[in-house]
Amino acid sequence: MRFVHLGFAPDLVDYLDGWERQRVVHAAVAEGREPDTTLLLEHAAVYTAGKRTQPEQRPFDGTPVVDVDRGGLITWHGPGQLVGYPIVALPEVPIDVVAHVRRLEEAMMRMTREFGVETVRVDGRSGVWVLADDRGPDRKLGAIGVRVSRRTTMHGFALNCDADLSWADNIVACGIPDAGVSSISREAGRTVTVQDLLPYAEKHLTDVLG
């Protein structure tokens with residue numbers, strides 16, 4: 001697995017620029033010209049909507065949204081959130097997209113555990129979660145949305161480190177009205193930055209994705 005750092009705060013990556021870089025790398029990996037590659041970055045603040053996003057799930061105040069060709073619903077990217085785009089060739093025949101999603105969830109659960117935060121999968125809801133407790137309902141720390149073309153993956157995961165979570169007040173986050181969002185920092189009770197997470201992200205993505 002090759003890792004490419006596209007940009008981190010204060011050099012945030014515009015979403016459309018990052019998407020174009022994905023396309024270029026995806027073509028190279030799909031054609032066998034480059035090895036499996038994960039792009040790691042922080043985006044400038046943006047809402048993005050997967051193909052199943054409903055009108056009522058979009059920002060309540062009319063904030064613009066970038067519509068993308070991934071699975072999943074609406075979410076946010078921005079400072080304090082590690083975004084990873086693993087662009088990898090899938091060996092399974094037939095292609096098993098769900099297995100790829102589960103591998104990304106496993107990598108994120110291992111990442112949060114490094115900071116004393118135990119996350120889990122929730123049936124019927126992708127991503128990684130802290131279950132309801134006396135501090136609130138089920139809370140999502142990491143989101144996943146992927147696309148597979150030419151047997152090669154695009155898009156990926158977003159894991160909240162120390163992001164400003166007020167963005168979730170303006171949408172039905174990930175299309176789920178009865179749950180909240182959180183971050184590693186909030187759950188750990190101390191500040192955990194993207195830079196703190198980065199070496200663990202590379203370690204566990206390598207272990208899980210190969």
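This is a predicted model: local features need pLDDT of at least 70, side-chain atom pairs count only at pLDDT 80 or more; totals for chains, interfaces and linings use all residues.
**Close-up 1. Thr152 sits in strand S10.** Thr152 has a relative accessibility of 1%, so it counts as buried. What does Thr152 touch, once its neighbours within four places in sequence are left aside? Its contacts are His26, Val29, Ala30, Ile87, Val88, Ala89 and Arg147.

**Close-up 2. Arg151 and His155 both have a positive phi.** For Arg151, phi is near 65°. You'll find Arg151 in the loop that links strand S9 (139-149) and strand S10 (152-160). Is Arg151 buried or partly exposed? Its relative accessibility is 36%, so Arg151 counts as partly exposed. His155, with a phi of about 60°, belongs to strand S10. At 1% relative accessibility, His155 counts as buried.

**Close-up 3. Glu92 lies in the loop between strand S6 (81-87) and helix H2.** Setting aside neighbours within four places in sequence, Glu92 is in contact with Ala99, Arg103 and Arg151. Now look for Val192: it is 100 residues from Glu92 along the sequence. In space, the two are 36 Å apart, going from C-alpha to C-alpha.

**Close-up 4. Helix H2 (residues 97-113) crosses helix H4 (residues 194-209).** Their axes come within 9 Å and cross at roughly 140°. The crossing is right-handed. Which residues meet here? From H2 come His100, Arg103, Leu104, Glu106, Ala107, Arg110 and Met111. From H4 come Leu197, Tyr200, Ala201, His204, Leu205, Asp207, Val208 and Leu209. Sorted by class, the contact has nine nonpolar, two polar and four charged residues. Arg103 turns up here in H2, and it is also one of the contacts of Glu92.

**Close-up 5. The largest nonpolar core has 28 residues.** In soluble globular proteins, nonpolar side chains tend to be buried together. Which members touch the most others? They are Leu82, Met111, Phe157, Leu159, Ile184, Leu197 and Leu205. H2, strand S8 (125-130), S9, S10 and H4 each bring at least two residues to this core. H4 is the biggest contributor, with seven residues. Apart from this core lies another one, of 16 residues, including Leu41, Tyr85, Ile87 and Met154. Ile87 is also among the contacts of Thr152.

**Close-up 6. Leu205 is one of the residues that touch the most other members of the largest core.** Leave out its neighbours within four places in sequence, and Leu205 is in contact with Phe3, Thr38, Leu40, Leu104, Ala107, Met111, Phe157 and Gly210. Of these, Leu104, Ala107 and Met111 belong to the H2 side of the meeting between H2 and H4. Met111 and Phe157 are also among the core members with the most contacts to other members.

**Close-up 7. The peptide bond from Ala9 to Pro10 is cis.** Most peptide bonds are trans. In this bond, omega is near 5°. Where is Pro10? Look in the loop between strand S1 (2-7) and helix H1 (15-30).

Note on methods: Residues are numbered from 1 along each chain as its sequence is written. Side-chain values use heavy atoms; hydrogens and water are left out. Axes are lines fitted to C-alpha atoms, for helices over the stretch in contact, and angles run from 0 to 180 degrees between N-to-C directions. Helices (H or I, at least four residues) and strands (E, at least two) are DSSP runs, numbered from the N terminus. A crossing is left-handed if the near helix is turned anticlockwise from the far one by less than a right angle, and right-handed if clockwise. Contact means heavy atoms within 4.5 Å. Ala, Val, Leu, Ile, Met, Phe, Trp, Tyr, Cys and Pro count as nonpolar, Asp, Glu, Lys and Arg as charged, and the others, Gly among them, as polar. Buried means under 20% relative accessible area, exposed over 50%, partly exposed in between (1.4 Å probe, protein chains only). A nonpolar core is a set of buried Ala, Val, Leu, Ile, Met, Phe, Trp, Tyr and Cys residues joined through side-chain atoms within 4.5 Å.
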